[in-house]
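Please study the sequence and the structure before reading each solution.

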Amino acid sequence: MKVKEIVRILDARILCGEDMQEYTVEKAFASDLMSDVLMLADDNVLLITGLVNMQTIRTAEMSDILCVVLARNKKASREMIDLARDGGIILIECRYSVYQTCGLLYREGLKPIF
Amino acid sequence: MRIVVPGRVETHILSGMTERMHFEHNIVGGDFTRAGYASSQVKKALKTLDVDMAIIKRTVVATYEAEVNVVAHACNGMMIVDIDGSTIQVVIQDEGPGIEDVEQAMVEGFSTASSEVREMGFGAGMGLSNMKKNADSLHIESEPGKGTKVEILMALDGREEVRSKK
C-alpha cells in the first residue's frame, strides 16, 4: 500500500517525507512497545503507534522502518520531526485510535506481519 | 550539568582496498532524548562503507538495545566501534550498577527497568535476548556495583567465521 493511500484512508497529515508518498509498505505492525518493534526482521513495514517520543523515531531508524503513523491524535515534537526528516522517515499524524487506524488499513488490504 | 563529548572518528585506508574505521561515542545515563545517537552514527558509517543492509540492521538493532540499556541503568558509558575488512566490533561499556546474574538477565521477560524506562517503550526484558538474536557473537562481562561491558561482533562476510574466531 502506498503512503499516499494510507494518508487518504486515515484522513491524516504528513509531518515530513511529503516527497516520498509513492513509497510502498508491504505489511503493518502496531505497538507502543519499542522492544517488540526491534524484534521484527521484516522489511517495508508500516509502524502504527501511540507512543510519541524520540525513541519512537530512533526505533524506526534502527529497524529500517520508513513510515510511522502516530495514532490517537498524538502530536510529534519539533525534535521528533527533525530526526525523522534526517533519517528519511515519513511521519504521519492521525486522529483515530490505534484500533481504528489498524481496522481501516486492514479493511483496505494492508496485511499484518503475523 | 551533563556534558556530551562528540564522537571521534578516524578513517584509514589499508592496503588500498580495505577500509578501517574507529570511533567512540559517549553515552549519557538517563538522557533519553539522546539515546540512539551513537547507534545512528554507526548506521551512517556502515552505509558509507556499503555494508549489506541486512547486516547493518542486525548490527544497529543490537547496539541500540545496548545503548538504551546504558541510558536506562547506568551513570554514563561509551560505545567503541572498530570496523575492518571482515568484522564490525562494537564494545559498549558503562559505569553502572552491573548485572547480578547475566544468565538470568538473558531470559526473555526478565527486567529491572524503572517505570520511566517503560514509558519510553522499553524495559520489557527483551533487550539482551534480542541483542543475542541479532549479533553474530555477543559477550557480556559485568561486575555488580561497577559496570557492564558488552561486546558485539558482526561478520561482514558470513556469520560462521566470527563465531569460530570466538
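In this predicted model, strand 2 of chain B contributes 3 residues to the lining of the largest cavity, the largest share of that lining.

**Exercise 1.** Describe the largest cavity by its volume, its lining residues and their classes.

*Solution.* 

Step 1. The count of cavities of 30 Å³ or more comes to 1. The volume of the largest cavity is about 90 Å³.

Step 2. The lining consists of 11 residues, and those closest to the centre are B:Asn26, B:Ile27, B:Val28, B:Arg34 and B:Glu67.

Step 3. Three elements of chain B each supply at least two lining residues: strand 2 (18–28), helix 1 (37–48) and helix 2 (53–73).

Step 4. Sorted by class, the lining holds 7 nonpolar, 1 polar and 3 charged residues.

**Exercise 2.** State how many residues of chain A and chain B are in contact, and describe the area buried between these chains.

*Solution.* 

Step 1. On the side of chain A, 22 residues are in contact with 25 residues of chain B.

Step 2. About 2000 Å² is buried between chain A and chain B, and carbon and sulfur atoms give 53% of this area.

Step 3. Within chain A, the residues that lose the most area to chain B are A:Met39, A:Gln55 and A:Met62; together they account for 35% of what that side buries.

**Exercise 3.** Determine which polar links join chain A and chain B, and which elements of chain A take part in the interface.

*Solution.* 

Step 1. Between chain A and chain B there are 3 salt bridges. One of the links of this kind is formed by B:Lys44 with A:Asp86, whose closest N and O atoms are 3.2 Å apart.

Step 2. On the side of chain A that touches chain B, helix 2 (34–37) and helix 3 (54–62) of chain A are the elements that give two or more residues. Helix 3 of chain A gives the most, with 6 residues.

Step 3. The classes on this side of chain A are 9 nonpolar, 5 polar and 8 charged residues.

**Exercise 4.** Describe the largest pocket and the elements that line it.

*Solution.* 

Step 1. The largest pocket has a volume of about 610 Å³.

Step 2. Its lining has 32 residues, and B:Asn69, B:His73, B:Ile99, B:Thr112 and B:Leu128 lie nearest the centre.

Step 3. The elements giving two or more lining residues belong to chain B: helix 2, strand 4 (87–95), helix 3 (102–105), helix 5 (127–134) and strand 6 (147–155). Helix 2 of chain B gives the most, with 7 residues.

Step 4. By class, the lining of the largest pocket has 16 nonpolar, 12 polar and 4 charged residues.

**Exercise 5.** Identify the elements that line the second largest pocket, and give the classes of its lining residues.

*Solution.* 

Step 1. The second largest pocket has a volume of about 320 Å³. Among its 18 lining residues, A:Glu61, A:Asp64, B:Lys43, B:Lys47 and B:Met53 are the closest to the centre.

Step 2. Helix 3 of chain A, helix 1 of chain B and helix 2 of chain B each supply at least two residues of this lining. Helix 2 of chain B gives the most, with 4 residues.

Step 3. The lining of the second largest pocket comprises 7 nonpolar, 2 polar and 9 charged residues.

Key: Residues numbered from 1 in each chain as written. Chains lettered and ligands numbered in written order. Predicted model: local features only at pLDDT ≥ 70, side-chain atom pairs only at ≥ 80, totals over all residues. Heavy atoms only, no water. 1 Å grid on protein atoms, 1.4 Å probe; cavity = no way out; pocket = protein on both sides within 12 Å on 5 of 7 lines; lining within 4 Å. Points joined across faces, edges and corners; volume = space filled by probe spheres on them. Nonpolar A, V, L, I, M, F, W, Y, C, P; charged D, E, K, R; others polar. Contact = heavy atoms within 4.5 Å. Buried area = accessible area lost by both parts, 1.4 Å probe. Salt bridge = Lys/Arg side-chain N within 4 Å of Asp/Glu carboxyl O. Polar contact = N/O pair within 3.5 Å; in protein donor to acceptor, adjacent residues only side chain to side chain.
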